[in-house]
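Good morning, and thank you for coming.

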Amino acid sequence: MTDVERLRHSASHVLATAILKIWPEAQFAAGPPVENGFYYDVDLPHRISPDDFEKIEAEMKKEIKANHPFEKMEVSRDEALELGRKGRLAALSDRKEPSKFKVDIIENIPANEKISLYRNGDFIDLCAGPHVMRTGNIGAFKLTSVASAYYKGDEKNPQLQRVYGTAFKTRKELDDYFAMLEEAKKRDHRKLGRELEIFVLDDDVGPGLPMWLPRGAAIIDELEKLAKETEFAAGYQRVRTPHIARESLYKKSGHLPYYAESMFPPMTLRAEGGKKVDVEAQARSIEQSGQLLLESLQQLFPRLKEPDYLLEEFERDFWQQPKQSQVFLEKSAIATVFSKSKWAQLPQPDRYYLKAMNCPHHHKLFGAVPRSYRDLPLRLAEYGTCYRYEQSGELIGLMRVRSMQMNDAHLYMTPEQFEAEFNGVNEMYLNYFKLFGIDKYLMRFSTHDPAKLRQKFVDEPELWKKTEEMTRNVLNNSGINYVEVPNEAAFYGPKIDVQAWSVIGREFSIATNQVDFAQPRRFNLVYKDKDNTEKTPICIHRAPLGTHERFIGFLIEHYAGNFPLWLSPEQVRILTIGDDAKLVDYSISILNELRAHQVRAEIDKSTDQINGKIQRAEQMKVHTMLVIGKRDMEAEAVSVRVHGKGNLGAKPRTEAIAELLLSIKERRA
Ligand SMILES: [Zn+2]
Ligand SMILES: [Zn+2]
């Protein structure tokens, strides 16, 4: 537990204390720290609403002011149970009703285990800790919301009230946090994405399947240009692969069954004489034949209808009734006919899956050509489109989607090349962060749990150890800011997730970087080494710019829609003062010059007053406005106005255009 998590968890004990002061009958379940705060689940006839928060917070303040120590007590399981039955756990005193959830939790703890209780003032709770030293160490807190939640997350269990709050060491940190939330609301990519005409979600297209309007597609084009240039310079080669693949590919990769939950269900089809066949209709017909057979069997052996009738009993009945068996055999001619039927003789249909990741396709490309150590490292890159089945309740704007275009690449290398390649990938990350003004980031290095080999992680204990060590060494040597998280690796190797904070301090998980020793082996990928033996390469999966969806969602909020010139969907808008024919011609000649240089420029063709035109351009956060009046035209000049900066004055036309082109070329902030 981090320091702030410890503080927040301690605040949940204080929250329970306060609720009990007001409603002594309250029953508590679990009260852990969560991202950005804490909660406690409470069972109470009174429905807690935000109107109650002031009253609860007042009691919490008293408890903090009293500065009670958090005292730890170790008891046996029986002692803990006895206290629970007296209602004394998560309570201020003995009560008529037992502490039902706490008793349930204790009953699920093995009999010999020591149990720890924590006390602050009169409040005693079953808890493993840790906590801050005293309630007075909880600096600043606030209750934020109340929701409902099932006990242990299971809808068969009673529904509880989940009271959320947050806490920080200082008042200032708390205030900053709420100010950030306020700002984040204004910057919400769903709101700005709609207002700035960047992307749309449409029910007919389907949930989680964003479509990009021209302004969004412009951002995508710039990001792809950036990635292609950067990757080209770093020695990557581009490839292209289809959006679907046969089931056998994913069985080979292990995504089936390990990853099946996150994939769309398969498309089943069968080609017959070069034509697509309706497999659904065939399946129905096969089902009907099967049904017919079953019905005749049930007439012979009525007990077949009993749900508990066992197969062994059926076999016994079958052999004990030779006469009926005779009939059965006749009847089972149906089965023979069926088995010889057109349906049964057809080849097994193919199953195709929408690709949830690009790796298996890329592995096939590695394997398509004989490789020697001289070809390595081989770096295959593709902005591949993937489809993942996220639960509909988990879809959020561009952050959690079902279709995504990924800044993907797979690097194949010898073990000796691993360090240099991994460093190269990290360097690329850091250069991108600098370009986008991402000052705060953290790499989460997820490793495997040896206890979960085979179920959750491929069963290669030695390779896990080796690659995790190599990765750890590179991270340590490069001085990159990282934390290690056990048990969260991908199933085929250790993984690094990159978390980045936007300028206002909102956290995003935007990119991943994975080391893979298992898939190259599953795909029998080999290269011929110096000594002429065949060896398996190591593979790095990396996506520094993540997916377009998530990265652009991040950028919208990071820049609050005020994109730098090079990324701006509409880089330049030309606004004329009046609609004099000569003025219009002059504007069009500027527009054509800009477009000839690939600048995304437009002219406001309306007959509005200049102030109206400026206001509209500012609203759409157009980066640069070139305002042109008669005097500008006569001097071969333009008046430059930049969104957020205002009027920068008149400049010669050639100079203004040259500056724009340079800023775009250098991708200036
Ligand atoms: Zn605790
Ligand atoms: Zn991959």
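Where is the place of Arg 454? Arg 454 sits in the loop between strand S18 (441-446) and helix H17 (461-478). Please keep in mind throughout that we are looking at a predicted model. The backbone of Arg 454 deserves attention, as its phi is positive, about 85 degrees, although Arg 454 is not a glycine. Is Arg 454 buried or exposed? Arg 454 has 8 C-beta neighbours inside 10 Å and therefore counts as exposed; the cut-off for that class is 12 or fewer.

A positive phi in a residue other than glycine is also found at Asn 36, where the value is near 65 degrees. Asn 36 belongs to the loop between strand S2 (33-34) and strand S3 (37-43). Because Asn 36 has 13 C-beta neighbours inside 10 Å, Asn 36 counts as partly exposed.

I continue with the backbone and turn to peptide bonds. The bond from Gly 129 to Pro 130 is cis, and its omega is near -5 degrees. Pro 130 is part of the loop between S6 and strand S7 (140-150). Leu 256 and Pro 257 are likewise joined by a cis peptide bond, with omega about 10 degrees. Pro 257, however, lies in helix H9, residues 255-258.

Let us now consider a helix with a buried side. Which residues of helix H4 (residues 100-107) are buried? They are Phe 101, Lys 102 and Ile 106. When one looks down the axis of H4, these buried residues fall within an arc of 140 degrees, and so they line one face of the helix. What covers the buried residues of H4? The cover includes strand S1 (27-28) and helix H3 (77-85), together with strands S5 (115-120) and S6 (123-126).

My next topic is the packing of two helices. In general, such a pair is described by the angle between the axes and the distance between them. Helix H7 (residues 214-233) packs with helix H19 (residues 548-559) at an angle of about 105 degrees, and their axes are 11 Å apart. H7 and H19 are therefore roughly perpendicular to each other. On the side of H7, the contact is made by Gly 216, Ile 219, Ile 220 and Leu 223; H19 contributes His 548, Phe 551 and Ile 552. Five residues of this contact are nonpolar, two are polar and none is charged.

Which of its 59 residues touch the most other members? They are Tyr 412 and Ile 510. Among the elements that give two or more residues to this core are H7, H19, helix H16 (418-435) and strand S21 (507-516). Leaving aside residues up to four places away in sequence, Ile 510 touches Val 498, Ala 500, Gly 546, Arg 550, Phe 551 and Phe 554. There is also a second, separate core of 40 residues, which includes Ala 90, Ala 91, Leu 117 and Phe 141.

Arg 616 counts as partly exposed because 15 C-beta neighbours lie inside 10 Å. How many residues separate Arg 616 and Asn 647 in sequence? The two are 31 residues apart in sequence, and 15 Å apart in space from C-alpha to C-alpha. Thank you for your attention.

Methods. Residues are numbered from 1 along each chain as its sequence is written. Chains are lettered from A and ligands numbered from 1 in the order in which they are written. This is a predicted model: local features need pLDDT of at least 70, side-chain atom pairs count only at pLDDT 80 or more; totals for chains, interfaces and linings use all residues. A residue is buried if 20 or more other C-beta atoms lie within 10 Å of its own, exposed if 12 or fewer, and partly exposed in between; C-beta atoms are placed from the backbone. Helices (H or I, at least four residues) and strands (E, at least two) are DSSP runs, numbered from the N terminus. The arc is that of the directions from the helix axis to the C-beta atoms. Two residues are in contact if their C-beta atoms, placed from the backbone, lie within 7 Å. Axes are lines fitted to C-alpha atoms, for helices over the stretch in contact, and angles run from 0 to 180 degrees between N-to-C directions. Angles under 35 degrees count as roughly parallel, over 145 as roughly antiparallel, 65 to 115 as roughly perpendicular and the rest as oblique. Ala, Val, Leu, Ile, Met, Phe, Trp, Tyr, Cys and Pro count as nonpolar, Asp, Glu, Lys and Arg as charged, and the others, Gly among them, as polar. A nonpolar core is a set of buried Ala, Val, Leu, Ile, Met, Phe, Trp, Tyr and Cys residues joined through C-beta atoms within 7 Å.
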